[in-house]
Amino acid sequence: MNLQRNQGPEEASLLRDIQAEVSTESAPLMQFILRHGTAIAGFVILFVLVLAGTGLWRWYDNTRNADARQELARLSMQPAGAEQVKALTALAENVPENVRFAAWMTVGQNALRSNDAATAAAAFAKAAEKRDGALGLAASIDEAGALLKTGKNAEAFALLQKLLVSLPGEISAGQLKQMAAEAAQAANKPEQAARLYLDLAHSAQGLETDYFRARARALAPQLVAEEAAAMQKEEKENK
């Protein structure tokens, strides 16, 4: 082979020994490796460099995440107040993506401690954008609670209605529906609040049923009377 002509006596002898040990079936593969050895070596080196680069990036990313969490914990232990919330907000805007949900939730919680419900509502909204599922739901519920504290009752009710529609089937809607009913009442929507209280009464038991029905009756007595009449009529028809 031409490749062997350019090699020294020792290398040529080594290749002949290797070729002698190679079976007839494997000879074509051996020839391919000898012919393209330089390219194969280059690909191997490139692959190793890619792996090394990936590992280095993961190490760097993990280090950044750990540093961000440590700074978040440090700021959270500072005295509550506007300066703390301002520092936490600046951190949340610049932390790595993996830490942003926790950062915005921390901003919201500390803003509430500082009686800054408006900032809390905005922070919880940003946290909800970062997560789906139960964590996103929890952030949105906190946002609705903060909106109620700011007096934005209609906005809170609209958000809670949206959450009720999209609520996963495996999560109970009881507490969320009660919160929505109270938000509707605060937003001067008595009939919608009463309907929610009646829904709660249907799924409750004992004294809770009477409590929710009484809340509904206080808001929309005609609606409750119509429902009671409809239930009596249905019972008679089923007898």
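1. **Basis.** Because the model is predicted, local features are required to have pLDDT of at least 70 and side-chain atom pairs count only at pLDDT 80 or more, whereas totals for chains, interfaces and linings use all residues. Residues are numbered from 1 along each chain as its sequence is written, and side-chain values rest on heavy atoms, with hydrogens and water left out.

2. **The largest pocket.** The volume of the largest pocket is about 220 Å³. On a 1 Å grid over the protein atoms alone, a pocket is an open set of points where a 1.4 Å probe fits, with protein on both sides within 12 Å along at least five of seven lines, and its lining residues have an atom within 4 Å of a point; grid points are joined across faces, edges and corners, and the volume is the space filled by probe spheres set on them. There are 14 lining residues, of which Gly136, Leu137, Ser140, Leu163 and Ser166 are the closest to the centre of the pocket.

3. **Make-up of the lining.** Two or more lining residues come from each of α8 (133–150) and α9 (153–166), and α8 gives the largest share, five residues. Helices here are DSSP runs (H or I, at least four residues), numbered from the N terminus. By type, the lining divides into six nonpolar, four polar and four charged residues, where Ala, Val, Leu, Ile, Met, Phe, Trp, Tyr, Cys and Pro count as nonpolar, Asp, Glu, Lys and Arg as charged, and the others, Gly among them, as polar.

4. **Helix α8.** With 18 residues, α8 reaches 26 Å from its first C-alpha to its last, close to the 26 Å expected at 1.5 Å a residue, the expected span being 1.5 Å times one less than the number of residues. Its buried residues are Gly136, Leu137, Ala139, Ser140, Glu143, Ala144, Ala146 and Leu147, and what covers them includes α6, α7 (117–130), α9 and α10 (174–186). After α8 comes Gly151, with a positive phi near 90 degrees.

5. Ser140 counts as buried because its relative accessibility is 10%, buried meaning under 20% relative accessible area, exposed over 50% and partly exposed in between (1.4 Å probe, protein chains only). Not counting residues up to four places away in sequence, Ser140 touches Ala128, Leu159 and Leu163, contact meaning heavy atoms within 4.5 Å. Ala134, also found in α8, is by contrast exposed, with a relative accessible area of 55%; its C-alpha is separated by 9.4 Å from that of Leu167, 33 residues apart along the chain.

6. **The nonpolar core.** The largest nonpolar core has 51 residues, and those with the most contacts inside it are Val107, Leu160 and Tyr197; such a core is a set of buried Ala, Val, Leu, Ile, Met, Phe, Trp, Tyr and Cys residues joined through side-chain atoms within 4.5 Å. Neighbours within four places aside, Leu160 is in contact with Ala144, Leu176, Met179, Ala180 and Ala183.

7. **Helix α6 and Val107.** Helix α6 (residues 97–113) reaches 25 Å over its 17 residues, close to the 24 Å expected, and Asn115, whose phi is positive and near 60 degrees, follows it. Val107 lies in α6 and counts as buried because its relative accessibility is 1%. Beyond its neighbours within four places in sequence, Val107 is in contact with Val85, Leu88, Thr89, Ala92 and Ala123; Val85 is 22 residues apart from Val107 in sequence and 6.1 Å apart in space, C-alpha to C-alpha.
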